[in-house]
Amino acid sequence: MIHAKSLTYDYETFDSEGNADGVVRALDDISVDIEHGKFVAILGRNGSGKSTLAKQMNALLLPTSGTVWVDGKDTKNQDDLWDIRQSAGMVFQNPDNQIVGTVVEEDVGFGPENMGVPTEEIWVRVNKCLKRMGMEPFRYESPNALSGGQKQRLSIAGILAMEPKCVIMDEPTAMLDPGGRREVMKAIKDLLAEHLSVVLITHYMEEAVEADYIYVMDSGHVVMTGTPVEIFSDTETIKKYGLQPPQVVQVVDELIKKGVPLNRNILTTEELVQALCHQ
Amino acid sequence: MIRDITIGQYYKAKSVIHRLDPRVKLVCTLLFLISLFLTRSVMTYLLATLWLFVVIKTSKVPFRFVMRGLKAIVILLVVTAMLNLFMLKGGDVLVKIGRFTITEAGLSATVYLAVRLIYLIIGSSLMTLTTTPTQLTDGLESLLGPLKKIHVPVHEIAMMMSIALRFIPILLEETDKIMKAQLARGADFENGNIFHRVKGMIPILVPLFVSAFRRANDLALAMEARCYHGGEGRTRMKPLHYQKRDYIAYAVMIVYMVLSFCGGKWLPLHFWVF
């Protein structure tokens, strides 16, 4: 679905007078491979380059060197720009700053309007996507009247209306309360059930537990790759990159240190309970 | 509390006037305002009164809502009326109090001016009361469409207006937050003279602007990510289509304009002021 090969991205820094005074390498020789229908999480501390990588995935930023292919199309090719953005939709962190419409249903229609979809087809898509994200009861409301979780679900509905193959989420839960976070995680599961690819950028490890594959980034490099079990069983290394392992993993870690014979592939509370009860 | 503020003054109701195409309402309001200024006979004003009465009744907007708009112009109305009443000389002197005189011409000019101003406000608030801001923006975009030929960025202006409508409540809320944050740090917005108070606004405005720019930047990215690339090749979710009722409304308006223009001339009761 999305492939990046030796992707490098530099941005210039400016002094107070607006003169370029340096170049910062935000991404350095990155190769990632996101397969169709998979749930991929990208983890990393602030400034590790994970958001920059996300913006590369739908041509909001273009590589300084290396190549990104989205659904087989090179992002450097300007002719394919709108196809790329349609097939790789993006949900951002701040729920307020990505809603354009003054009414919920109009916001969902914004993407299809831009793509030039005929009016009747827009209504079909809007109705379908509102229902898929459970936003039907709010369709005539102002977005300002929604909670954070509902706003993010609206944003996802707005992306779905463009009928993408992949949804990239750039820390969609960072500004939400635990309730809103659960709403978004449920929405992600719904997307996966419909065979869409999801790329989740986050620094909440609990959200990454259910991913098919994880990339850990630090200062512009991909430093770890693997399944959640592989990544989280190596608690020492992920701590080195400024990440906190999920709580359950920490508990398991401590228990093993105390001599409880446990398997390191336990990632969720249910699994831990199961394992302990079958001792 | 602050997030409940609605922009404009839309009054929710189910009426023919509410359902009319926003373009019809914009054009008719404009024509009505023109009719107020082009003629000056008692008959045309009676006609305008009747017209407003009928429109208010059919729109189902309560009378006091319509009158609310007048509050804003009370001072303007009183000042201009006073100036007209005492300054304009002509015709017989009606009242004389010391150095001030009220003449016939002064009195009639005052009355006409007051009526005109009041009808102007009522007429235009009827439009905003029965049309949502979104519809108004759509209507304007469509009416100003021909200006695209002379490179007026009509679509962009309409898009800016609707984004402004979306963000005004958010920025209001933010202003509230910043004010509280500054109050907590000991800022004083209530005491001192006007200059002091204006100076006190700076610590509110600077963070507000910074955040507005940040929001604008985020929104631009989000819009681009959703394939926004200007008005070209864009379709509409809610396109404007004239219905039968819209043509009827136009027809009624034309009849009104004709009556208004020659009203004074063929009606026996007319009298011209000048």
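A:Gly134 has 15 C-beta neighbours inside 10 Å and therefore counts as partly exposed (buried means 20 or more other C-beta atoms within 10 Å of the residue's own, exposed 12 or fewer, and partly exposed in between, with C-beta atoms placed from the backbone). The residue lies in the loop between α4 and α5 (148-160) of chain A, where helices (H or I, at least four residues) and strands (E, at least two) are DSSP runs numbered from the N terminus. A:Thr225 is 91 residues away from A:Gly134 along the chain, and the C-alpha atoms of the two are separated by 34 Å.

The model is predicted: local features need pLDDT of at least 70, side-chain atom pairs count only at pLDDT 80 or more, and totals for chains, interfaces and linings use all residues. Residues are numbered from 1 along each chain as its sequence is written, while chains are lettered from A and ligands numbered from 1 in the order in which they are written.

In chain A, helix α3 (residues 104-115) packs against helix α4 (residues 119-132) at an angle of about 130°, with the axes 9 Å apart. Axes are lines fitted to C-alpha atoms, for helices over the stretch in contact, and angles run from 0 to 180 degrees between N-to-C directions. α3(A) and α4(A) are therefore oblique to each other (angles under 35 degrees count as roughly parallel, over 145 as roughly antiparallel, 65 to 115 as roughly perpendicular and the rest as oblique). Their crossing is right-handed; the near helix is turned clockwise from the far one by less than a right angle in this case, and anticlockwise in a left-handed crossing. From α3(A), the residues A:Glu105, A:Val108, A:Gly109, A:Pro112 and A:Glu113 meet A:Ile122, A:Arg125, A:Val126, A:Cys129 and A:Leu130 of α4(A). This contact contains six nonpolar, one polar and three charged residues (Ala, Val, Leu, Ile, Met, Phe, Trp, Tyr, Cys and Pro count as nonpolar, Asp, Glu, Lys and Arg as charged, and the others, Gly among them, as polar).

Between the chains, 30 residues of chain A are in contact with 26 residues of chain B, contact being defined by C-beta atoms, placed from the backbone, that lie within 7 Å. On the side of chain A that touches chain B, α2 (81-87), α3 and α4 each supply at least two residues. The largest share, seven residues, comes from α3(A). By class, this side of chain A has 13 nonpolar, 13 polar and four charged residues.

Chain B has eleven helices and two strands, and its elements run α-α-α-α-α-β-β-α-α-α-α-α-α from the N terminus on. Of its 274 residues, 21% count as buried.

Within chain B, the axes of helix α3 (residues 42-59) and helix α6 (residues 104-130) come within 11 Å and cross at roughly 25°. α3(B) and α6(B) are therefore roughly parallel, and their crossing is left-handed. The contact involves residues including B:Tyr45, B:Leu52 and B:Ile56 of α3(B) and B:Val115, B:Ile122 and B:Leu126 of α6(B). By class, the residues of this contact are nine nonpolar, three polar and no charged.

For helix α7 (residues 133-143) and helix α8 (residues 154-184) of chain B, the axes come within 9 Å and cross at roughly 170°. α7(B) is therefore roughly antiparallel to α8(B). B:Pro133, B:Thr134, B:Thr137, B:Leu140 and B:Glu141 of α7(B) meet residues of α8(B), among them B:Val154, B:His155 and B:Leu165. The contact of α7(B) with α8(B) has six nonpolar, four polar and one charged residue.

Notes. Contact = placed C-beta atoms within 7 Å.
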